[in-house]
Amino acid sequence: MKFKKEVFENIKFHLILNFIFLISITLASYIHIPLTGFKETLFYFIHMCILQSCFAGILYFISLNKVVFKVFFSIIYLLLGIVAFWVYSIDISISPFLIDASLQTEIELMKDLISIPLIIYIVILLICLFIILKLYNKLKVKAFKVSSILSLILILFIFIGEKIRYQTFQFKLPYQFFCSVYGYFNKYSLELEDISDLSFSSDLKNDLQVTFVLGETVRADHLGINGYKRNTTPNLSKIDKNFFSFKNTYTNKVYTSGSIPQILSNQSIYDTTNYKIRSVYDVLKKSDINCTWIGNQFLEWGYKSIATSNNEVILIDKSKSYDSYHKSKDEELLPYLKKELEKKRKKNMTTLHMIGSHWWYDNRYDERHRKYKPVIDSKYMPSLTSEQIINSYDNTILYFDYFLNEVINYHKNLDRPSIVIYISDHGESLGENGKWLHGHESKYVANPAFIIWYSEKFKKLYPNQVTFINQMELNDLTTDIIYNLILNLFKIK
């Protein structure tokens, strides 16, 4: 009878512990997921319960030692609880990059994050922790054989689940936090070639503004200007002078952290060796050309070293990744571009890094560009029709058309020669051969959009560069062209 009572008390404690933990922390990763139907809501509810059950195994083994539980659990619970507050309140993305940015934030800026809602949430966490510890103190801690075996199975299921479906748990709290900390301390940084002993110079005699727009997940064949059945580029289609769209551009780098280093360096898509690569920005800076990076994506380790080789780096929404449902729209890059152009630097290279058409598509455009309907209304892809997915994707292209047209309009009014170059890092699969998104082999993922526009002043002052661009239009291209094109524009020797 006494044994049964001990078992019952232990079960009751762990049920309460995990329920409080789920509400305080785990639920934060699910609260912002857009779901509309019963089926997908049930799917994610079951997913959340499985995730919490797996973590329950870890909590069980922690609870077997009174000192460890009281000290270690208290610290972890409060730390994860504060993290969960930001996920709950502003859908922040917990990642190695956010940890890196947070550790570099000044104390004065940290003070600005303290608010009444945060203080209230911390008080609630402390009350919950008090309840948990009070119940734990009454508990007779004992390792039951069945409970230990079950907890071990639950912990192993974390790895089994990841094997069945990669990153099924990694992007959700509490695992997301621990994976991000691990990622931070094991971060990979692309090694760039040291060119301090090399000599570069620019033969450019006149001013030049080069604005390089680095897109995201835009495939060439969904642009109206490239012959797509829908007029997804109504603004760009009206530009009748000095405008080129290279619809036959190829890459085998079908994910962002692989494609960006290749595009912005001397690395070819055909290279298989691991030699250090040369950043285009390092070469430009050595040639006395100013370089500024303005981004709407936080910097992944795969290309962070290239981005930070600019003279200046500005990130407009660095706390949120493309997984966030409250990510800034790309048009918020425009005021920063305008300020940069107003500086009237003689030789200048400005890079705009877009969030573009990355999934979740319906978060990438505003109501003005919700032309094609019905659109996606759930993160649960099996519940969506092909029509919904393609409609939402095409709406992102409408928004891209608006954005790039605005960028070009800024340059039309400049008092110096200018050129706008746009290329997407890769394309996207939209159901062809049963494939979606990117990161896999597909001719649609391998065919990114590539566009160039230049001003009349550029055409007049740089006839050789104009000839180079005209000749490009006659050929099939790879993304290798970007590095050579930029050096050619600035006449780098």
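1. Let me begin at the surface. A nonpolar patch is formed there by F38, L42, F45, I46, I50, F61, L152, L156, F157, F159, I160 and I164, with about 1200 Å² of accessible area together. Patch members have over 30% relative accessible area and no salt bridge, with nonpolar side chains (Val, Leu, Ile, Met, Phe, Trp, Tyr) joined within 5 Å and like charges within 9 Å; the areas are Shrake-Rupley values with a 1.4 Å probe, and for residues only the protein chains shown count as cover. Helices α2 (38-62) and α7 (145-164) are the elements that give two or more residues to the patch. F38 lies in α2 and is exposed at 67% relative accessible area (buried is under 20%, exposed over 50%, partly exposed in between, with a 1.4 Å probe and protein chains only).

2. A word on the basis of these values. The model is predicted, so to speak with its own thresholds: local features need pLDDT of at least 70 and side-chain atom pairs count only at pLDDT 80 or more, while totals for chains, interfaces and linings use all residues. Residues are numbered from 1 along each chain as its sequence is written, and side-chain values use heavy atoms, with hydrogens and water left out.

3. Now the cysteines. The count of disulfides (a pair of cysteine sulfur atoms within 2.5 Å) comes to zero. For C179, the nearest cysteine sulfur is that of C54, 13 Å away. C179 is partly exposed, at 33% relative accessible area, whereas C291 is buried at 0%.

4. Aromatic contacts come next. There are 26 aromatic pairs, where rings of Phe, Tyr and Trp (its six-membered ring) pair if their centres lie within 6.5 Å, and planes under 30 degrees apart are stacked, over 60 edge-to-face and the rest tilted. How far apart are the ring centres of Y281 and W293? They are 6.2 Å apart with planes at 80°, so this pair is edge-to-face. Y281 belongs to helix α10 (residues 280-286) and W293 to strand β4 (residues 290-295), so the pair ties together parts 12 residues apart in sequence. Helices (H or I, at least four residues) and strands (E, at least two) are DSSP runs, numbered from the N terminus. Y281 is buried at 0% relative accessibility, and W293 is buried with 0% as well.

5. One aromatic cluster is formed by F13, F21, F55, F69, F73, Y77, Y136, Y175, F177 and F178. K66 lies over the face of Y136, a member of that cluster, at 5.0 Å from the ring centre. Another charge over a ring is R368, which is 4.8 Å from the ring centre of Y402. The rule asks for NZ of Lys or CZ of Arg within 6 Å of the ring centre and within 35 degrees of the ring normal.

6. Salt bridges close the list. The count is 18, taking a side-chain nitrogen of Lys or Arg within 4 Å of a carboxyl oxygen of Asp or Glu. E456 pairs with K241, the closest N and O atoms being 3.7 Å apart. E456 lies in helix α14 (residues 456-461) and K241 in the loop between β1 (208-215) and β2 (243-245), so this bridge ties together parts 215 residues apart in sequence. E456 is partly exposed at 41%, and K241 is partly exposed at 49%.

7. R370 deserves a look of its own. Its side chain meets D362 in a salt bridge at 3.1 Å, N to O, and E367 in another at 2.5 Å. R370 is buried at 18% and D362 is buried at 14%, whereas E367 is exposed at 55%. Elsewhere, shared partners join E312, E340, K343 and R345 into one salt-bridge network.
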